[in-house]
Amino acid sequence: MKKPRIVFGFHAVLARLRADPSSVLEIFLDETRNDARGKDLAGAAERTGVRLMRVPTKRLDGFYGGGRHQGVVARVAVKSLGESLDDVLDAVEQPLLLVLDGVTDPHNLGACLRVANAAGAHAVIAPKDRAAGITPAVSKVASGAAEATPYLMVTNLARTLRELKERHVWIVGAEERAPQSLYDAQLPDAIAWVLGAEGEGMRRLTRENCDLLVSIPMGGEVESLNVSVSAGVCLFESVRRRTSAQRAGQTRMAKTGPAYTPPDPTLIELKPEALDYWARTLETKPDKIRKAVQKVGPVLETVKKELGIAGV
């Protein structure tokens with residue numbers, strides 16, 4: 001059984017108490033907090049049958065080394081939200097994922113988890129070697145999202161992105177220098193948004209494993225956004241498009257792949273994503289596709305016939 005996690009701050013503790021009271025093991029409330037917030041928390045704990053103890057401030061300080069606990073700390077059980085990425089992907093048809101490359105600040109991670117949860121993202125993914133873990137500070141900023149949204153730390157991020165591609169999830173990176181706006185890009189439903197650390201951006205291998213790079217248009221003097229704000233813009237753009245498609249009665253994408261026009265295989269020399277798409281679709285080596293184009297010339301139907309994909 002995993003070690004209980006410490007959650008502190010009125011907002012975070014109340015959010016956990018309302019969402020999943022059975023996971024709250026006990027609550028410690030500052031004995032001097034007899035104000036409205038303290039009484040509300042005590043009442044909520046009583047209604048849900050959670051043990052609440054009033055303790056001196058110094059004891060609360062001991063839980064988090066004098067952090068800003070606001071007079072309330074809770075011990076909560078860490079529940080499994082999906083043991084692996086496969087568990088998460090097997091449970092949904094059109095995954096909406098957030099990938100963070102190099103986000104090491106606990107407050108940024110907490111804010112990203114909160115945004116991801118609000119957008120209905122199925123998981124947040126980060127590399128073990130360049131990421132913040134779930135700490136009391138992260139939980140406080142996340143306001144309950146750290147306990148509700150799977151946070152998967154992987155050993156090799158580049159390999160994980162390739163595995164997502166094999167599961168028909170398209171990797172879209174948000175980068176301020178990308179020439180195409182995310183509002184103009186054709187985005188599939190099954191998508192993993194990739195964001196790098198503020199200032200540093202994505203690492204080279206991470207960028208190279210993206211199917212598409214887009215930018216967030218900036219209309220003012222600032223050149224960039226906080227990573228959690230960028231995450232919100234990207235995730236909710238996907239939410240907006242999904243909602244619009246449902247309202248318009250458009251056909252949703254099948255689990256076998258994103259429903260948009262496949263890249264023309266005759267453009268493989270100009271568009272690397274075309275070669276990548278056909279290699280994955282046909283489960284064949286990229287060199288074979290390149291040779292087919294060189295053999296029969298840049299005529300779409302002839303290339304399809306050579307590759308055995310007539311009608312695709």
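1. His168 counts as partly exposed because its relative accessibility is 34%; buried means under 20% relative accessible area, exposed over 50%, and partly exposed in between, with a 1.4 Å probe and protein chains only. His168 is not a glycine, yet it has a positive phi of about 65°. His168 sits in the loop between α7 (157-166) and β8.

2. The model is predicted: local features need pLDDT of at least 70, side-chain atom pairs count only at pLDDT 80 or more, and totals for chains, interfaces and linings use all residues. Residues are numbered from 1 along each chain as its sequence is written, and side-chain values use heavy atoms, with hydrogens and water left out.

3. The chain has 12 helices and 10 strands. These are DSSP runs numbered from the N terminus (helices H or I, at least four residues; strands E, at least two). Of the 312 residues in the chain, 48% are buried. Where contacts link residues at least 6 apart in sequence, 76% of them join residues at least 24 apart; contact means heavy atoms within 4.5 Å.

4. The largest nonpolar core has 34 residues. Such a core is a set of buried Ala, Val, Leu, Ile, Met, Phe, Trp, Tyr and Cys residues joined through side-chain atoms within 4.5 Å. Leu98, Leu100, Leu113, Trp193, Leu195 and Leu235 have the most contacts inside this core. At least two of its residues come from each of β5 (96-101), α5 (106-119), β6 (123-127), α6 (136-142), β8 (170-174), β9 (191-196) and α9 (227-248). The element that gives the most is α5, with six residues.

5. Which residues does Leu113 contact, leaving aside its neighbours within four places in sequence? They are Val124, Ile134, Val138, Ala142, Ala145, Ala146, Thr149 and Tyr151. A second, separate core has 18 residues, including Val154, Leu161, Ile171 and Ala192.

6. Helices α1 (residues 10-19) and α2 (residues 36-48) have axes that come within 11 Å and cross at roughly 20°. Axes are lines fitted to C-alpha atoms, for helices over the stretch in contact, and angles run from 0 to 180 degrees between N-to-C directions.

7. Phe10, His11, Val13, Leu14 and Leu17 of α1 make the contact with Arg37, Gly38, Leu41, Ala44, Ala45 and Thr48 of α2.
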